[in-house]
Protein chains: 10
Amino acid sequence: MSDTSLLETFPNPKPGRDYRIEHTFPEFTSVCPKTGQPDFATVVVTYIAGETCLELKGLKLYLNGYRDEGVFYEKVTNLILDDLAAACKPRWMKVETRWGARGGISSVLVAEYREGA
Amino acid sequence: MSDTSLLETFPNPKPGRDYRIEHTFPEFTSVCPKTGQPDFATVVVTYIAGETCLELKGLKLYLNGYRDEGVFYEKVTNLILDDLAAACKPRWMKVETRWGARGGISSVLVAEYREGA
Amino acid sequence: MSDTSLLETFPNPKPGRDYRIEHTFPEFTSVCPKTGQPDFATVVVTYIAGETCLELKGLKLYLNGYRDEGVFYEKVTNLILDDLAAACKPRWMKVETRWGARGGISSVLVAEYREGA
Amino acid sequence: MSDTSLLETFPNPKPGRDYRIEHTFPEFTSVCPKTGQPDFATVVVTYIAGETCLELKGLKLYLNGYRDEGVFYEKVTNLILDDLAAACKPRWMKVETRWGARGGISSVLVAEYREGA
Amino acid sequence: MSDTSLLETFPNPKPGRDYRIEHTFPEFTSVCPKTGQPDFATVVVTYIAGETCLELKGLKLYLNGYRDEGVFYEKVTNLILDDLAAACKPRWMKVETRWGARGGISSVLVAEYREGA
Amino acid sequence: MSDTSLLETFPNPKPGRDYRIEHTFPEFTSVCPKTGQPDFATVVVTYIAGETCLELKGLKLYLNGYRDEGVFYEKVTNLILDDLAAACKPRWMKVETRWGARGGISSVLVAEYREGA
Amino acid sequence: MSDTSLLETFPNPKPGRDYRIEHTFPEFTSVCPKTGQPDFATVVVTYIAGETCLELKGLKLYLNGYRDEGVFYEKVTNLILDDLAAACKPRWMKVETRWGARGGISSVLVAEYREGA
Amino acid sequence: MSDTSLLETFPNPKPGRDYRIEHTFPEFTSVCPKTGQPDFATVVVTYIAGETCLELKGLKLYLNGYRDEGVFYEKVTNLILDDLAAACKPRWMKVETRWGARGGISSVLVAEYREGA
Amino acid sequence: MSDTSLLETFPNPKPGRDYRIEHTFPEFTSVCPKTGQPDFATVVVTYIAGETCLELKGLKLYLNGYRDEGVFYEKVTNLILDDLAAACKPRWMKVETRWGARGGISSVLVAEYREGA
Amino acid sequence: MSDTSLLETFPNPKPGRDYRIEHTFPEFTSVCPKTGQPDFATVVVTYIAGETCLELKGLKLYLNGYRDEGVFYEKVTNLILDDLAAACKPRWMKVETRWGARGGISSVLVAEYREGA
């Protein structure tokens, strides 16, 4: 639901080696579609690049784009994974979202993508 | 021993992908059936959804339902697993209960459920 | 709102010296009078005894007595201080209650009593 | 810049005693008026009540009201203090805002109000 | 060397499922058989129950029974494992003892038992 | 109740300067006089020496001497302070005992002695 | 030795109240004038503003300006304090520099400025 | 982009055994090629030596050589691995770089080299 | 380079079971053979005993024997492993040395021995 | 007992301001004069300089000079303070030594010097 055209990539400087890249963004916020109350999360994106790498500034702007979106934890976690994987076509990618407590329950969601799977 | 009708589910927004959902509830309390003294635990529910996901508010109300129940650690851990698995029919689920010290001994119990097992 | 007759005292073994006693009880629970939802707190009682000291078992039973009481943070903190001070007549006493998050806000309350004040 | 009519109070249950109340809200967000980028902070409100206490739900809604406001750290910290002090007329109040890093610099601001000062 | 008749068991409420039970006892003490000086340890017992589970009160009394025993780390770790396994006949059990520093060296011992092995 | 003749002192190498000495002993144990159950504490002794300093080995043996003594927290804290102050005649001394949880309540006691007071 | 013209200020939004502002910059680096090796520090600037506040971007650029400067801990700490105080004319200011270990010794320096002192 | 002639090696004192060597360098800095702003990282080099080991002083000087280099995270991580592996011909080597937050996003990169792969 | 005759062993009290023994010695020091400066490390010895176990006092004296030895990290780690394995003939043994920072780089070395390998 | 001629000073770059300098040296070792066993400590030197500051390299060499000295905690703490104060003539100085456990007791000593006192 965020604008994927914000995402930018650059050529992987070492495409012949499978190395791991992990970006942690502690300031994600969206809105609960049921209550309208804000949700807050840390988003961790880990991947093994294919031909391209994710540029940091675009990644930040893309994640900021959820600020006014009403979306469930389960949906947004998969959506971020789908959008980022579509943008940079990694060999493997994992998106982890760690949510602050809502009603006394804190939650962590983890989804993975594998090239060709 | 809690009311399973409190549990609610919603459709899994990404049923085609095996992703992990973890909910941590640090404010569980029940009663020791031997001494009548209150017990306190953190309950962690982790699962891979099938067709449906557990709704958070219902999960909280269900767990609050043990407040006046006299039940042993071993029984309540398995009971929560059985009830939650019956409610949302996950591919895999794990319930971990971490109990505050009683008589100087603190305890952790972990039970798992696997679809079709 | 808990039964103060549960509180017991024993003679201060060193009444001529002002020494500090601190008891920490991490498993306090009461009920929110507005929502009916359970509240959880750590209660810390610190005091300088006069002629008598608080017995631990009675203190625990007294604090457990709030389990079904609907009471605001501000009221219960002052009530515990008043009840404990009345029971053991200390030279000085402090009650601190540290509450788990409710609606994303966690709270700490601190009230003090001074002999003759 | 948030709606102060959201703030609600209730009578101080122990007006004759100076006791300390502290509420910590880890999920405050506003917008940088220069860059338009979101800012994130933990807001800690500590006070000694006069005749009334701050109700938690209204405090949360009031703080959530800054979500779309473009405001500097220095201004919003003083503004929150002014609004809360006007709403509940405390004997003493302190507002502390702890901001996540911006440009590699993280900041903490602390302002105090004293009755009659 | 402690009295195994202190150990009590109760029927496993879910014998058809392999779930893990862990009890941590931070206040174990015995005596060094060479120097006569007291030793202090945290004892962690983890097991998968067979037909019966270990009752907590008896476990505590059994472990307290080593208070005056002169026994080496290596021997007491295996002895606790043998006694507990004999008492509750688990499918699997692990005993870990973590000892405070003696002569500047702190030690951890871990022994496992497997049904039928 | 421990043997004070175990305590040894040596001349303060810098009696003309008020400097602070602090010894932390994490392995103190005694017995609850009511239940007969063992109690465990960390004992911290802090002092400004007069003419003599406490020798470490004797301090350890003295503290070990409470292993079989049935004594309340309040009494043993003051007793240790009295015994140590009598042995080395400090200008100032503080004894702090930090007790493991009993019945879910953990306790800290602090007593001070001042020369000539 | 850094360019003070990089520093910018803006009007204090609440000049009538003495409130505290603290900025922490964990990525300061300069060069040891004796060995030519790089030094690394966290710089913490705390102040009570007078008529103006320090703008964050300029503060960052100013601190980055020491990257190639050979300067001792003692000198640079006082220099930063002098430059920042001259730029924003605070009522009070403190600069703390926390240096990574050099030759196994880590250091912290703290200097304060007071208006009119 | 740093001078690999700074790297020195010495004979592996135990070439017949595969043992692990890990060096952690918390004070790495380079420059962002896009913004010109400094970047800061902790670099962890782990390897199993072949015939030679990396000498510490040369490793430090080599890593310091990136201080003025404009280079992306992805490139510098692989470059360090390539240079170090070429210098000491290990059986296996891993380079991990942990970067301080830039634009609110902190990053970790991990690349591995295997002899003959 | 330390005196292996200081090492003493005693019969394994449970030779029929493969259990793990771990001893941590945080106060190891030797001398850098290049600079003559002291090095400091924590040494962790983990093993599965064969017929004999390592006695703690002898282990301490043996490790203290490196105090005046000039020896590289890589050599001393393997030497300790060789000496201890020769002394007690374990089924498996691991020696880990964790060194304080030298020139800003802290190091960890891990070597393993396996019976018959 | 260490060679004070190793200590070097340099002119205080800001003698007109009372600012605080703190150096932490975690790798101090000496020898127990009674048992001959090594002792280990972290030494923290804090001071307000007069005309001169302590040079770091000399401080390190001076502290390393205690490696073979048999000296009690109480004596060495005061000796270091006396030697450093004599070398740099500070307005105020504090030496804190934090010793690893000996016989299960860990110790902290703190001595202060004040100009003209």
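Author: Before we start, a residue is called buried here if 20 or more other C-beta atoms, placed from the backbone, lie within 10 Å of its own, exposed if 12 or fewer do, and partly exposed in between. Helices (H or I, at least four residues) and strands (E, at least two) are DSSP runs, numbered from the N terminus. This is a predicted model, in which local features need pLDDT of at least 70 and side-chain atom pairs count only at pLDDT 80 or more, while totals for chains, interfaces and linings use all residues. Residues are numbered from 1 along each chain as its sequence is written, and chains are lettered from A and ligands numbered from 1 in the order in which they are written.

Reader: Okay, which residues of helix H1 in chain C are buried?

Author: In H1(C), which covers residues 56-64, the buried ones are Leu56(C), Leu59(C), Tyr62(C) and Leu63(C). Down the helix axis they fall within an arc of 125°, so they line one face of H1(C); the arc is that of the directions from the helix axis to the C-beta atoms.

Reader: Why would residues three or four places apart point the same way?

Author: An α-helix has 3.6 residues a turn, so residues at that spacing point the same way.

Reader: And what covers the buried residues of H1(C)?

Author: The cover comes from two chains, and it includes strands S2 (20-31), S3 (38-48) and S4 (52-54) of chain C together with strands S5 (92-102) and S6 (105-114) of chain F. The contacts behind this are pairs of residues whose C-beta atoms, placed from the backbone, lie within 7 Å.

Reader: Switching to chain D, which residues are buried in its H1?

Author: In H1(D), residues 56-64, they are Leu56(D), Leu59(D), Tyr62(D) and Leu63(D). Their arc is within 125°, so they line one face of that helix. They pack against S5 (92-102) and S6 (105-114) of chain C, and also against S2 (20-31), S3 and S4 (52-54) of chain D.

Reader: How many bridges hold S3 and S5 of chain D together?

Author: Strands S3(D) (38-48) and S5(D) (92-102) pair in the antiparallel sense over eight bridges, where pairing requires that DSSP finds at least two bridges between two strands. Within that pair, Val43(D) stands opposite Thr97(D). On from there, S5(D) is joined to S6(D) (105-114) by nine bridges, again antiparallel, and Glu96(D) has Val110(D) as its bridge partner in S6(D). The hairpin of S5(D) and S6(D) has two residues between the strands, and Gly103(D) takes a positive phi near 60° there.

Reader: What is the phi of Lys89(D), then?

Author: Lys89(D) is not a glycine, yet its phi is positive, near 45°. Most residues other than glycine have a negative phi. Lys89(D) lies in the loop between helix H2 (73-88) and S5 of chain D, and it is partly exposed because 14 other C-beta atoms lie within 10 Å.

Reader: Where is Lys89(A) found?

Author: Lys89(A) sits in the loop between H2 (73-88) and S5 (92-102) of chain A, with a positive phi of about 45°.

Reader: Still in chain D, is Pro11(D) buried or exposed?

Author: Pro11(D) is exposed, because 10 other C-beta atoms lie within 10 Å. This proline belongs to strand S1(D), residues 9-11, and it touches Glu51(D) and Thr52(D), leaving aside residues up to four places away in sequence. Its C-alpha atom is 9.1 Å from that of Leu54(D), which is 43 residues away along the chain.

Reader: Next topic: how many residues do chains J and G put into their contact?

Author: Chain J gives 17 residues and chain G gives 15. On the chain J side, S2(J) (20-31) and H1(J) (56-64) are the elements that give two or more residues, and S2(J) has the largest share, with seven. In S2(J), Thr24(J) is the bridge partner of Ser106(G), as part of the five antiparallel bridges that join S6(G) (105-114) to S2(J).

Reader: What rotation superposes chain J on chain G?

Author: A rotation of 72° with 0.1 Å of shift along its axis does this, at an RMSD of 0.0 Å.

Reader: How far apart are the closest C-alpha atoms of chains A and G?

Author: They lie 18 Å apart, and no contact joins those two chains. Chains A and I also have no contact, with their closest C-alpha atoms 23 Å apart.

Reader: Last one: what ipTM and pTM does the model score?

Author: The model scores ipTM 0.95 and pTM 0.96. Chain A averages a pLDDT of 96, with 100% of its residues scoring at least 70, where pLDDT is the predictor's confidence in each residue, from 0 to 100.

Key:
Least-squares fit on C-alpha atoms with pLDDT ≥ 70 in both.
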